[in-house]
Amino acid sequence: MTAPPYRLVAHHAPTEAGLIAHQRSHCPVLAAVPLLDTVRLTRALYPELPSHRLDYLMRYLRIEPPGRRHRAMPDVQVTARVFERLAAEGGRTGRWRTLSDLDRVGGAGAQTYGVTGRSPGRTGLKS
């Protein structure tokens, strides 16, 4: 990370935000980085889908499953591929054009989430 603005991308960002919040004293810079939630982006782009779970999206978007799914690195790889597809499709359809647009639709500010993974005044995000 050498030049802001940065975003962490996560599938169901409140879960990741909670994990990061637990480590805030050890990684304060990381804890301050806002998140983009691929669940929120997917719901905005494909509201008609019966599920927004990562496995379902992988099949829907025809993303080749990596070996050893449900391990940390393969899940990161799938999430990155899903995000690439969402960013491209949302740009093509005009749903978002800028980082600010992505933040508005799929943003989950790192500072707003506590260890519960919920922001004040919200009920949390569903997957």
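A nonpolar core is a set of buried Ala, Val, Leu, Ile, Met, Phe, Trp, Tyr and Cys residues joined through side-chain atoms within 4.5 Å. In this predicted model, the largest such core has 17 residues, and L41, Y46, V82, L86, W96 and L102 touch the most other members. Helix 3 (38-45), helix 4 (54-60), helix 5 (72-93) and helix 6 (99-106) are the elements that give two or more residues to this core. The chain contains 6 helices and 3 strands, and 38% of its 127 residues are buried.

**Overall organisation**

- Read from the N terminus, the elements of the chain follow the order β-α-α-β-α-α-α-α-β.
- Among the contacts in the chain with a separation of 6 or more, 65% join residues 24 or more positions apart.
- The chain has an accessible surface of about 7700 Å², and carbon and sulfur atoms account for 54% of that surface.

**The nonpolar cores**

- In soluble globular proteins, nonpolar side chains tend to be buried together.
- W96 is one of the core residues that touch the most other members. Apart from its neighbours within four places in sequence, W96 is in contact with L41, A44, L45, L86, A87, G90, G91, D101, L102 and V105.
- A second, separate core consists of 5 residues, including A10, A13, L35 and A108.

- The 3 strands make up an open sheet in the order 1-2-3, with mixed pairing.
- Strand 1 and strand 3 are the edge strands, each of which pairs on one side only.
- Strand 1 and strand 2 run parallel and are joined by 3 bridges. L8 is placed opposite L35 of strand 2.
- Helix 3 lies across strand 1, strand 2 and strand 3, and runs at about 45 degrees to strand 2.
- Helix 6 also packs on the sheet, where it touches strand 2 and strand 3. The direction of helix 6 makes about 60 degrees with that of strand 2.

**Helix 1 (residues 13-22)**

- The buried residues of helix 1 are A13, P14, A17, G18, I20 and A21. Viewed down the axis of helix 1, these buried residues fall within an arc of 165 degrees, so they line one face of the helix.
- An α-helix has 3.6 residues a turn, so residues three or four places apart point the same way.
- L19 and H22 are exposed, and they sit on the face of helix 1 turned away from its buried side.
- Strand 1 (8-10), helix 2 (28-31), strand 2 (35-37) and strand 3 (107-108) are the elements against which the buried residues of helix 1 pack.
- A13, one of the buried residues of helix 1, also belongs to the second core.

**Helix 6 (residues 99-106)**

- L102, V105 and G106 are the buried residues of helix 6. Their arc around the axis is only 70 degrees, which puts them on the same side of helix 6.
- S100 and R104 are exposed on the other side of helix 6.
- The cover over the buried residues of helix 6 includes strand 2, helix 3, helix 5 and strand 3.
- L102 is buried in helix 6, is one of the residues that touch the most other members of the largest core, and is in contact with W96. V105, likewise buried in helix 6, is in contact with W96 as well.

Key: Residues are numbered from 1 along each chain as its sequence is written. This is a predicted model: local features need pLDDT of at least 70, side-chain atom pairs count only at pLDDT 80 or more; totals for chains, interfaces and linings use all residues. Side-chain values use heavy atoms; hydrogens and water are left out. Helices (H or I, at least four residues) and strands (E, at least two) are DSSP runs, numbered from the N terminus. Buried means under 20% relative accessible area, exposed over 50%, partly exposed in between (1.4 Å probe, protein chains only). Contact means heavy atoms within 4.5 Å. Accessible areas come from the Shrake-Rupley method with a 1.4 Å probe; for residues, only the protein chains shown count as cover. The arc is that of the directions from the helix axis to the C-beta atoms. Two strands pair if DSSP finds at least two bridges between them. Axes are lines fitted to C-alpha atoms, for helices over the stretch in contact, and angles run from 0 to 180 degrees between N-to-C directions.
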